[in-house]
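Visitor: I would like to learn how to read a sheet and its surroundings from a model. Could you take me through one, feature by feature?

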Amino acid sequence: MATASIGVAVRKAVTDGFSEYLKTLSDYNGTSAPERETVVGFSYDFSNAPREQVFTGRSRGDTPSAGMRSGRNTRNETGRFDLTVMARVVGGDPYDAESRAEAIGGELEDWIAERKNNELGVPGLLSLVVESWEADYAGVDNGAAALRTYTVRWTARLD
């Protein structure tokens, strides 16, 4: 039986690992200020609308055969997914919100850059990198919000 895409497993490993990492930092775990608890999850949290969230979004990938041979062929997978940082600042302006999103995003970029040799434990995963990012902001009730969406790329060898 062929191995399916590892996209869901990679997204879950990234959000679980980054969540655990942020819990060790007082500026993101609510210790320094309750409104600065950054919630990390597989998807957007509609239930309690935290002021700071990191969540995955759209994913896409290619899985061409690694070679033509008799029997089952292994496949090379290159995939990408969106990882969004959202920061809402009550009483702040777009600069405040985007600065906070950038601070969280900096931690995220560094955390991903330090994941070498499949430290996430996902079978077949070969590499994980931040490929690009884009930012946006908006005025919201009593403040401002910013979104920074990262495109994260992984490569894998699927048996």
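Guide: Let us start with pairing: two strands count as paired if DSSP finds at least two bridges between them. Strands of a sheet pair through backbone hydrogen bonds, either parallel or antiparallel. In this predicted model, E3 and E5 run antiparallel and are joined by 16 bridges; as one example, Phe-81 has Val-152 in E5 as its bridge partner.

Visitor: What order do the strands of the open sheet have?

Guide: The open sheet has five strands in the order E1-E2-E3-E5-E4, and its pairing is mixed. Strand E1 (38–41) and strand E4 (125–140) stand at the edges, and because each has a single partner strand, one side of each is left without a neighbour in the sheet. From one strand to the next, the twist averages 20°.

Visitor: Which strands run parallel, and how many bridges join them?

Guide: E1 runs parallel to strand E2 (residues 52–62), and four bridges join the two; within this part of the sheet, Thr-38 stands opposite Glu-52 in E2. E4 and E5, by contrast, pair in the antiparallel sense over 14 bridges, with Trp-133 having Tyr-150 in E5 as its bridge partner. E4 and E5 also form a hairpin with two residues between them, and Asn-142 in the turn has a positive phi of about 60°.

Visitor: Why is E5 described as largely enclosed by the rest of the structure?

Guide: The reasoning rests on burial, which here means a relative accessible area under 20%. Twelve of the 16 residues of E5 are buried, and therefore the strand is largely enclosed by the rest of the structure. Helix H2 (residues 94–113) lies across E1, E2, E3, E4 and strand E5 (143–158), running at about 20° to E5.

Visitor: Which residues have the most contacts inside the largest nonpolar core?

Guide: That core has 30 residues, and those with the most contacts inside it are Ile-6, Val-10, Val-14, Leu-83, Leu-120, Leu-128 and Trp-154. Helix H1 (7–22), E3, H2, E4 and E5 are the elements that give two or more residues to this core, and its largest share, seven residues, comes from E5.

Visitor: Is Asp-82 buried or exposed?

Guide: Asp-82, which lies in strand E3 (residues 75–90), has a relative accessible area of 11% and is therefore buried. Leaving aside residues up to four places away in sequence, Asp-82 touches several residues, including Arg-58, Arg-60, Thr-149 and Tyr-150.

How values were computed
Residues are numbered from 1 along each chain as its sequence is written. This is a predicted model: local features need pLDDT of at least 70, side-chain atom pairs count only at pLDDT 80 or more; totals for chains, interfaces and linings use all residues. Side-chain values use heavy atoms; hydrogens and water are left out. Buried means under 20% relative accessible area, exposed over 50%, partly exposed in between (1.4 Å probe, protein chains only). Contact means heavy atoms within 4.5 Å. Axes are lines fitted to C-alpha atoms, for helices over the stretch in contact, and angles run from 0 to 180 degrees between N-to-C directions. A nonpolar core is a set of buried Ala, Val, Leu, Ile, Met, Phe, Trp, Tyr and Cys residues joined through side-chain atoms within 4.5 Å.
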